[in-house]
Amino acid sequence: MLNKISPFFLLICCCSAYGQVDTASISAKLQQNKELSKNSVCLIYKNGKLLYKRESPDLTAKTQEPVGAISQWITAAVAMTFVQEGKLSLDDKVSDYIPLYKKYSKSYITIRHCLTHNTGIESDFTVTKLFQKTKFNTLEEEAITFASKREIKTNPGTEFFYSNVGYNLVGRILEIIAKKGFDRIAQDRILRPLGMRGSTFTNEDYNSATDPSMGARSTANDLTNFMTMLINKGMFNNKQVLTESSVKTLLTLQANAPLKNVPKAVEGLNYGFGTWILEQDDKGNIHSATTPSFTGTWPIVDICRGYTLVVLTSHLKDMPPKEFYLGLKTIVDEGIPPSCQ
């Protein structure tokens, strides 16, 4: 017998063309975690149609929350807009844009290394520091510090070490190319074109550096828009935001080096650009992916089944394990057959 749905939540189960999705089981599973059941919004969309929606009075599909590591997925997409315009190559060296990196024996680090956590630059970054505000005032200051005060621990491309180094370096490089602040760049190239009106990289206090690695704030609606664009090969509202080639790059296995300092929530998964791979084919093409925030927010995109699933939360003291979120995906998968060969 299913658990009674909490009266504190608004629940909408859409059972039209995709009524085979067992929305009652999704609701029951969300109820299993007491903290999550009182402090989350869940959205499932396919082909622009709402299949499922559950939100609380204080946390709705329009509520803006910090989304932590999901920032990297967005930042990688922003970088790809420069690549598709010929203003940047993934194999460009960081030192091409920040010459200081030549002086400190870091001239071999590329943009690709940065986007796959393969820079080799020493970092003390840990999950416990995810929620600490950056001590830097600008990305320029941060990039200088990475060059002059951090040692090269391993050769670039030889070891995956999860940290904020690579993505914040890329953010600074994009600022140099565009001659704008990173949040403005993200707004112009990804957030506004995708109708992500509730998303920003601007700090709440405006007094510290933008953080392309961990600093985004977003909503369940906005994350749905971002993943819908990926499903539609870069198209959103009849506009080509990313090229099909850029989307394919984002959704391809990238990190082949040994993975170290991997957050517990994604242990056992491989990495693309800004995203963790849930399912892939023999060629490394991603069929489904996620980039969980360590606040408890999980966006999942299933390219082969054509749906998006978002569980967005405020900061949870006790985040459910990976298996909990993948259990939600399994319920949806059982109702939507895959289209990939």
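Helix H3 packs against helix H10 (residues 220-231) at an angle of about 45 degrees, and their axes lie 12 Å apart; axes are lines fitted to C-alpha atoms over the stretch in contact, with angles running from 0 to 180 degrees between N-to-C directions. The model is predicted: local features need pLDDT of at least 70, side-chain atom pairs count only at pLDDT 80 or more, and totals for chains, interfaces and linings use all residues. Residues are numbered from 1 along each chain as its sequence is written, and side-chain values use heavy atoms, without hydrogens or water.

Angles under 35 degrees count as roughly parallel, over 145 as roughly antiparallel, 65 to 115 as roughly perpendicular and the rest as oblique. H3 and H10 are therefore oblique to each other. On the H3 side of the contact (heavy atoms within 4.5 Å) are Ile70, Trp73, Ile74 and Ala77, which meet Leu223, Phe226, Met227 and Leu230 of H10.

H3 itself covers residues 70-84. Because 13 of its 15 residues are buried, H3 is largely enclosed by the rest of the structure; buried means under 20% relative accessible area with a 1.4 Å probe, protein chains only. Just after H3, glycine 86 has a positive phi of about 75 degrees.

In the protein as a whole, buried residues make up 60% of the 341 residues. There are twelve helices and 14 strands, taken as DSSP runs (helices H or I, at least four residues; strands E, at least two).

Notes:
Expected span 1.5 Å × (residues − 1). Buried < 20%, exposed > 50% of the residue type's maximum accessible area, 1.4 Å probe, protein only.
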